[in-house]
Amino acid sequence: MTQVYEIVQSVLFQFGLAFALSPLVNTALKKWKALLQGRQGPPYLQGYYDLLKYFRKETVVSDQTSALFLATPVINFVCIGAVSLLIPTFVAPQVFAPIGGILVMVYLLGLARFFMAAAALEPGGGFCSMGSSREMMIATLIEPVLLLALFTFAKLTNTQQLLALPSALSSQGLFLYTPAYALAALALFVVSLAEMGRVPFDNPETHYELTMIHEGMLLEYSGKPLGLMFWSAWTKQFLILSLLANILFPFHMATSANIAALALALLAFIGKLIAVGLIIVIVETAIAKMRLFRVKEVLGASLILAVLALIFSVEQSGGLPK
Amino acid sequence: MSPTPSPESMLPLLVDYIVAWVLICTILFLGAQRLKAKIQFYAMQSLGLSVLLGAIGLAHQNTKALILAVVAAIGKCIIIPLILRYVKRRVPMNKGVESYVAIPTTMLMGGGMIMAAHYLTNHLFYNQSHLFNEMLSTGMALVFIGMLVMMVRKKAFTQILGLYVVDNGIFCLTMATVFEMPMIIEMGILFELLLGVLVMGILVQRIHDSFQAVTLDELEQLKG
């Protein structure tokens, strides 16, 4: 009984934390980027206002669509919610460890993406279809890199559980920063930018038809489904951000349930998020969005980085099995 | 609380980092779109190798290796790139890279070759030290990738760059064995000289070509 109670508590906590913080994090990224470019930017609570607005508006659906079109926002929301259980934030509830392999996370993201792309084809709009075809093209390039980079960390720590990664990484102390780790972290950073749909790959701030990918797929949505889609996209961004933060700086996770440890871990987590967010904002301000057909070169290069990382991690743990 | 690196464990770690740097430069070299970037990545790769030799020389207190490292750094990171850039500027040609195989594909092939090199060294020399294996596999990978560049790129200039990468690979291979057979170092330097002559050969030939063109221009101007 206590275990069931613990599971329910952890589910609510992980789920709630991710979905409650994600609009704030998204707006904060927008705001910092604006500040860095000498604009004022939106107020920090803008994400919540937007969500409220979407949930109040009427839903208009094309009569050409099937049930899939309206089911997709919910499926997406649930997939991202399930991923939120597997990603360490400032606590890593070990109750989900038995289900939380790397493959589960990557393929839950893949499932969400599949339904999003399929639903975007439903209303038959030109921009929607273009968005989904681009999304699938980028997805085929993202997935191997993401898997290989995460496998490198798994090899380095001998664990496949994302929730166990930070503590296993931080137990290595300064020995953590080996070439294998550095290469995999670099590959993971590049691929995270692509997965979050940020600047060199997609621009989250524009509705310009020729460049948009994610926005393109949402073009036919309105009202509550649109709100859900945005919310799950932001939450996905928050989750990837916190995974990245916890892998780049795996220290100071809460290991015990006492208040002081939790508070320290929370502070450290906020610091990590701010650090990673600032890196992303600076990168976004420094580089221009890339031509779509150059994306494959960058992601190909990061694939090779991930392969190199894997080679180095194998070397580090004593070579290939003979 | 957390273990800190000790001085003895620093050399392998440093070697790992430099090797990673060299391999990244090689991959970027394969992926570069312009000749200028290619030359820069070549220089960065050579710098990594020279630092590697210097670090090993320091660790083993070997003066010969240190001197060779300095010579290699000056030759490969400064003189050869300067000459290459000079040639690039003097010879009228398209500054882009032309290739029989698409650039991302070449990068993937390069990654595959690095994997193959590691696999081979791990299976051929499984009794050797980590350092030896690391450098041997890197050298092998560089030789493979240099040959790949020589095969798939269209222009003579890029092929010479590929030859330089092969030379860097041989440099790395000699480094793995530098403390046993110093003769190979001398051979490496000789090979370097050979390459220098090659570059000069192309240079002279191209200047000859352009010189004719230049004089023709002048003649036309005189007539007009």
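Leaving aside neighbours within four places in sequence, Phe153(A) is in contact with Leu165(A), Leu169(A), Tyr181(A), Ala184(A), Ala185(A), Leu188(A) and Ile247(A), contact meaning heavy atoms within 4.5 Å. The model is predicted, local features needing pLDDT of at least 70 and side-chain atom pairs counting only at pLDDT 80 or more, whereas totals for chains, interfaces and linings use all residues. Residues are numbered from 1 along each chain as its sequence is written, chains are lettered from A and ligands numbered from 1 in the order in which they are written, and side-chain values use heavy atoms, with hydrogens and water left out.

Together with Met105(A) and Leu150(A), Phe153(A) touches the most other members of the largest nonpolar core, which has 127 residues; such a core is a set of buried Ala, Val, Leu, Ile, Met, Phe, Trp, Tyr and Cys residues joined through side-chain atoms within 4.5 Å. A second, separate core of 15 residues includes Phe69(A), Ala117(A), Met217(A) and Tyr221(A). Of the 322 residues of chain A, 56% count as buried (under 20% relative accessible area, 1.4 Å probe, protein chains only).

Chain A has 11 helices and 0 strands, helices being DSSP runs of H or I with at least four residues, and strands runs of E with at least two, numbered from the N terminus. Among the contacts in chain A with a separation of 6 or more, 81% are accounted for by residues 24 or more positions apart.

Methods:
Buried < 20%, exposed > 50% of the residue type's maximum accessible area, 1.4 Å probe, protein only.
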